[in-house]
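Q: I'd like to take a close look at one part of this protein and see which side chains pair up there. Could you walk me through it in plain words?

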Amino acid sequence: MEYILNSKLEILKSLQSSAGGEIFAFEQQVMNYQIPCVSENIIPRKNIKYLERSTSEETISTLFGSMYLLDVPYTMDITIDRSLNTNYSNIENLVVSEGEIAWVSTFENNKASVQKIHLAEMLGTVKQLDLHAFDVAFSENNDLIISIESTSEIMRVSINSIHVAKNGDLYVGIRESGDPFEITESSCRKILVYKSSGGKLTSNVSYEFDKSKQRLFTSPCRITTLSDGDIVIVGDWITHIEGRLVALNRNGDLEWTYNGNSKINSDTSKFRPYDIVSSPEGYIVVADKNNHALHLLNGAGELIACKLLDEIGITLPKALCFDFSGYLWIGCSTFPEDKSGANIYAVKLGI
């Protein structure tokens, strides 16, 4: 630094000089000067420490730009492939297997049944079981599993919802008998997980309370999973007209809750998930019967799209099922004054 300062002073003196020889002589002196090499190890690396500290969103935005989720950014395109009319007024549950064999549970005029039907043969009934099914599902062996309200010999428990994950694990929602929305200290509202191993099911996992010992559910009535059970989504019915989605991880920790789309919810049409399924692409599809809508969520519980089905002629969606070809089957209910029977639709989703 001292040399550079002296050189600048010499340059200034030379420029003020009238002797041209002095200027050229000094220029040559500067050109021949060797700048000393600077060591790269001025600060020894072993002495460098990085301290964790927060960075403001403004700084991150300046460096990398911003990303944010739009308010329902995508539209959901629904193409109706088929519409089938039934003799039932209410489709409670629906599962479709290969060969377009469907099992449909109904409840009307205080009479419940589960019927096996051929969808390709205009819904001709193949078999009928006179029982009240709360939920139905197929096992990994394509066996039909039906949950029925019953009493346990150990404790008064009613089986509510059931779900079979892709890896064969069985998820069962249970509660004690009685009012499904009245909770006491002795109430049992939980999800039992039966792990599949070697063709056998073993149970050693249950979800009932969060880390603060607060109940996770009021009445767990529908279940689906993402990524072979990494995320468990439960349709929790809070009242006769209102509900929510509760998502848990494998450890039973609460990940998120979803209370519907505020733009369509109202005091007279509250969000209540009558059925939930996971799509082949990993989305969560929810039947919102009260609002004649389908909700599409991602694994983080964010609303991706919401479609009002009555705009395309589908009302009161209640039961959902994806078949092996990727079609979404929607089983509906009917209005009290409607005597034409409930419809079942096969649709394709696109966003």
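Which residue forms a salt bridge with K318, and how far apart are the closest N and O atoms?

A: Keep in mind that this is a predicted model. The partner is E92, and the closest N and O atoms of the two residues are 3.4 Å apart. Now look at where the two ends come from. K318 lies in strand β20 (residues 317-322), while E92 is in the loop between β1 (77-85) and β2 (93-97), so this pair ties together parts that are 226 residues apart in sequence. Both K318 and E92 are buried.

Take R250 and D230, whose side chains meet at 2.6 Å, N to O. This pair also links distant parts of the chain: R250 is in the loop between β14 (243-249) and β15, D230 is in the loop between β12 (220-226) and β13, and they are 20 residues apart. What about cover? R250 has 38% relative accessibility, so it counts as partly exposed. D230 comes out at 35%, so it is partly exposed too.

Then there's R215, which forms a salt bridge with E208, with 3.1 Å between the closest N and O atoms. Here the two ends fall into separate classes: R215 is partly exposed at 24% relative accessibility, whereas E208 is buried at 13%. These two also belong to a network of salt bridges that links K190, E208 and R215.

Charges turn up beside rings as well. The charged end of R272 sits over the ring of W237, 4.0 Å from its centre. Likewise, the charged end of K348 sits over the ring of Y327, at 4.6 Å from the ring centre.

Let's stay with W237 and move on to ring pairs. The whole structure holds two aromatic pairs. In one of them, the rings of W237 and Y274 have their centres 5.8 Å apart and their planes at 50 degrees, so the pair is tilted. W237 lies in strand β13 (residues 231-237) and Y274 in strand β16 (residues 273-278), so the pair ties together parts 37 residues apart in sequence. W237 is buried, with a relative accessible area of 11%, and Y274 is buried as well, at 10%.

Y258 and F271 form an aromatic pair too, and this one is edge-to-face: 5.4 Å centre to centre, with 80 degrees between the planes. Y258 is in strand β15 (residues 254-258) and F271 in the loop between β15 and β16, 13 residues apart. Both Y258 and F271 are buried.

Conventions
Residues numbered from 1 in each chain as written. Predicted model: local features only at pLDDT ≥ 70, side-chain atom pairs only at ≥ 80, totals over all residues. Heavy atoms only, no water. Phe/Tyr/Trp six-rings, centres within 6.5 Å; stacked < 30°, edge-to-face > 60°. Helix = DSSP H or I, 4+ residues; strand = E, 2+ residues; numbered from the N terminus. Buried < 20%, exposed > 50% of the residue type's maximum accessible area, 1.4 Å probe, protein only. Lys NZ or Arg CZ within 6 Å of the ring centre and 35° of its normal. Salt bridge = Lys/Arg side-chain N within 4 Å of Asp/Glu carboxyl O.
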